[in-house]
There are 2 protein chains.
Amino acid sequence: MFKDATLPEIENVMQQAWKAFHVYRKMSLKHRADFMRAIATELEGCGDAMIQTAMRETNLPEARLRNERARTIYQLESYALACEKGDWLEVRIDTAIPEKNPPKPDIRKMLVPLGPVVVFGAANFPFAYSTAGGDTATALAAGCPVIIKAHPAHPETSQLVADAILHAAEKCEMPDGIFAHLHGASFEVGKALIEHPYTKAVGFTGSLTGGKQLFDWANQRKVPIPVFAEMSSINPVFLLPEKMKTEAAEMAKLYAGSITLGVGQFCTNPGLIIGLEGKELTLFVEKLGKEITKIAPATMLHTRIFKNYRKKKDEALKQSGVDIVAHSEIKPTLNQGSPTIATASGQTFLSNPLLHQEVFGPYSLVIRCKDMKEMLQVANKMEGQLTTTLMATENDIRIHDKIVDAVVNICGRFILNSVPTGVEVCLSMQHGGPYPATTDSRFGSVGADAIKRFARPIAFQNWSNDLLPDELKNENPLGIWRTVNNELSKEALG
Amino acid sequence: MFKDATLPEIENVMQQAWKAFHVYRKMSLKHRADFMRAIATELEGCGDAMIQTAMRETNLPEARLRNERARTIYQLESYALACEKGDWLEVRIDTAIPEKNPPKPDIRKMLVPLGPVVVFGAANFPFAYSTAGGDTATALAAGCPVIIKAHPAHPETSQLVADAILHAAEKCEMPDGIFAHLHGASFEVGKALIEHPYTKAVGFTGSLTGGKQLFDWANQRKVPIPVFAEMSSINPVFLLPEKMKTEAAEMAKLYAGSITLGVGQFCTNPGLIIGLEGKELTLFVEKLGKEITKIAPATMLHTRIFKNYRKKKDEALKQSGVDIVAHSEIKPTLNQGSPTIATASGQTFLSNPLLHQEVFGPYSLVIRCKDMKEMLQVANKMEGQLTTTLMATENDIRIHDKIVDAVVNICGRFILNSVPTGVEVCLSMQHGGPYPATTDSRFGSVGADAIKRFARPIAFQNWSNDLLPDELKNENPLGIWRTVNNELSKEALG
């Protein structure tokens, strides 16, 4: 239905984005925030048609899609607020000391936008991590034009959202080129976008193969650019002994829900559960298996994701030492992901790297460690993760501090006695983590700190007050927090 | 005199660093800061022998080296203060809202250290950007062990500084492996260090070729790691017309000093001066030439740097359309860099990319533009820079706003009516810039914000107050600034 963008079209879009950048980056924080809020309003006004289209393209249920659109609107509104508030600008002012030898000049630093940002939307979040999602919202807040490469699994939904953004851009008198929307089922479109000299950063949510490819292209450019790819995570859950003594059954129930939520199609899906061999773990596995058999298979996002789920799951299940515990007792129909639990010993896991890989879907592997030493080996063998969870009493944590230490080094979010699914949109959220969870552990893609991915510091030395940007002026006309001579302050300079 | 580190030695050092990391990252901010201050004290106590060694190895004059060591001590002390103050931790706390649907969990985020950092010292700063320099100080503040690859041009100085650090480590009861010092004239040592799985980040100051090589190695790892390489900059200076009307002669004198300071061996050396053809520029060039003839050649850091200077300068001078304006009238002796000024038209510069490259040494090229349109073309053609300078009246800046706009996009520090040489150590400093000035424009290598290069955020979800790190506890026992429910505060949580 939609044709792939041609090279001349891409060239034209990037030229427009570059022109728009020079206008947009000088627009006030308030103007940017108003634009973001206008996008939110447009999305709200899109009504049922958009939801129906998304349901048809993604097989996701109506309530989930309505919630996701509401979340997308909340993201735009809360990042707009953060944009205006200006904490993210990291303003530092050091005033001159002329009597110093040599004299100390007046220097004032703030973050400025990088330039046009190319965003690759996610298959599993047609709204919140796609066309008007977190990457787009934070890039716009930073002062960067956005070019969307629509996800080929939901091109019509993406087009509807893009139209809403373009309406908002018109209403807010944004420069042409502030936002562009391109289709591209072929990888050539993405490659051309990343290699274009006017592209200054990339946002991506998807597979490890896809994200790593973008990262490599970006680094092989004449001028390398940052890629923020959120890719692969199995989100390990450690069941510690004291906690297991009393709560094995409750935890099994809790995790059956988390593993199968949204047909397991969340990047924070718990794909690995690690416990200590013994009667508590046997009870946990039994209960978890029983719960899973009752959960009905459901249609996955699209055929490719379903086929990939089946292939990766089958591959995992046929590894030596891996036993199936349970699967849904209801027979799946076409493209339906069937909830499945398997188990393996600590040794099996430690000696087989294939079992460390993500199986995207409603699947989880329970690892039975023979002792705490082996559990620690498993923890130390873990690759970078978006999240790691401990199910533990306070005592467990104090006694098994080496497990805690190992986990701190591999994850972006460290959860205690809860489930990793569910990513709260707030400033304290870290949705990111060491590679291969993402390509840059120093940033995350949820919460207003994500704005800083698309900005860099510039220091103005020896400028007169009148010529400085408002953010750096003596009067502090925007009323933002600034570090003045090493102290945080909202005051005007004397 | 010093043997290159062998692969088993490197393996051993990295194993030790990894062990040390697990101890050091949990030491308090105060303990880290005390260690940094102890290093400063040791350096102070090293006295004359260290200065004499550095003079012999680098050919730099005594006063310069004394100042540089004092600066290094200041860096350690001021970053220690910043480390303890904790602003760099970017603490964010969002408290739970149990009545929300779904309930909002308690989430608290802070920066944690990446792990062992490999630092490649600079040839041109044996103290301030080398063994105990900015990269080492900021990595230690972040909580990372440091492995130094000594610069082969000053191995003895580097060894003396390393010994001072190791003394301080012992006095402060730091874990073995907190700091290591390796020699390596061959690139193999650097490659092995970067490819080691326990290396988590790299700091580098040097050439574009060197830095780009490290960057590529780091990105080709199974688990890519960040490289902060400060590399190449010609630090363009734009002479705007109104300013030139009255101050051409003074500016020529000022710039003769800046171009030849330290035999031009600063990364912020002004290598390119851009003006408008006419009698003012003629006067400027004439005065600048006259000043330059009077400045004596001086011995460069080492033979390779001298040979490189001569080669790159000769290459630039023999380009079609490039004319020599003046050189020092005093004949240079062995390894002495002779101050030299050349000139070319705007068209010559625009059509010859070789002239955009850094000539490391006391050399500058004056570009004569035929009109402001051509000057804008020159500005737009510029690669990423550490600094760009405007010599301009307020009027100039308002009229020629397009030049200002072009410059904002290419530099890390934007200077008005001064010289780029001289990098103040303070929080507002940005010593960094778009590629090829550095490999990551989002960070700089001077000022306490540089600590953040070696840290990444982690969010603790649903942890009880007792189990949290001090930085995140309700009581705020460290008294640091934290963003609590979106508002900056030093208060304890109620």
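**Exercise 1: The two domains of chain A**

Between domain 1 of chain A and domain 2 of chain A there are zero salt bridges, a salt bridge being a side-chain nitrogen of Lys or Arg within 4 Å of a carboxyl oxygen of Asp or Glu. The model is predicted: local features need pLDDT of at least 70, side-chain atom pairs count only at pLDDT 80 or more, and totals for chains, interfaces and linings use all residues. Residues are numbered from 1 along each chain as its sequence is written, chains are lettered from A and ligands numbered from 1 in the order in which they are written, and side-chain values use heavy atoms, with hydrogens and water left out.

*Task.* Describe how domain 1 of chain A meets domain 2 of chain A.

*Solution.* 

Step 1. Locate the domains: domain 1 covers 7-231 + 441-456 and domain 2 covers 236-416, with bounds from an automatic or database domain assignment. Their centres, taken over C-alpha atoms, lie 33 Å apart.

Step 2. Identify the contact (heavy atoms within 4.5 Å): 12 residues of domain 1 touch 11 residues of domain 2.

Step 3. State the buried area, which is the accessible area (1.4 Å probe) that two parts lose on being put together, summed over both. For these domains of chain A the value is about 890 Å², and carbon and sulfur atoms give 61% of it. On the side of domain 1, A:Asn59, A:Asn124 and A:Glu230 supply 45% of the area buried against domain 2, more than any other three residues.

**Exercise 2: The two chains**

*Task.* Describe the interface between chain B and chain A.

*Solution.* 

Step 1. Count the residues: chain B contributes 77 residues to the contact and chain A contributes 77.

Step 2. Give the area: about 6,700 Å² is buried between the chains, with 52% from carbon and sulfur atoms.

Step 3. Count the salt bridges: there are 16 between chain B and chain A. In a salt bridge between A:Asp449 and B:Lys109, the N to O distance is 2.8 Å.

**Exercise 3: The largest cavity**

*Solution.* 

Step 1. Take the volume, the space filled by probe spheres set on the grid points, which are joined across faces, edges and corners. For the largest cavity the volume is about 410 Å³.

Step 2. On a 1 Å grid over the protein atoms alone, a cavity is a set of points where a 1.4 Å probe fits but cannot get out, and lining residues have an atom within 4 Å of a point.

How values were computed: On a 1 Å grid over the protein atoms alone, a cavity is a set of points where a 1.4 Å probe fits but cannot get out, and a pocket is an open set with protein on both sides within 12 Å along at least five of seven lines; lining residues have an atom within 4 Å of a point.
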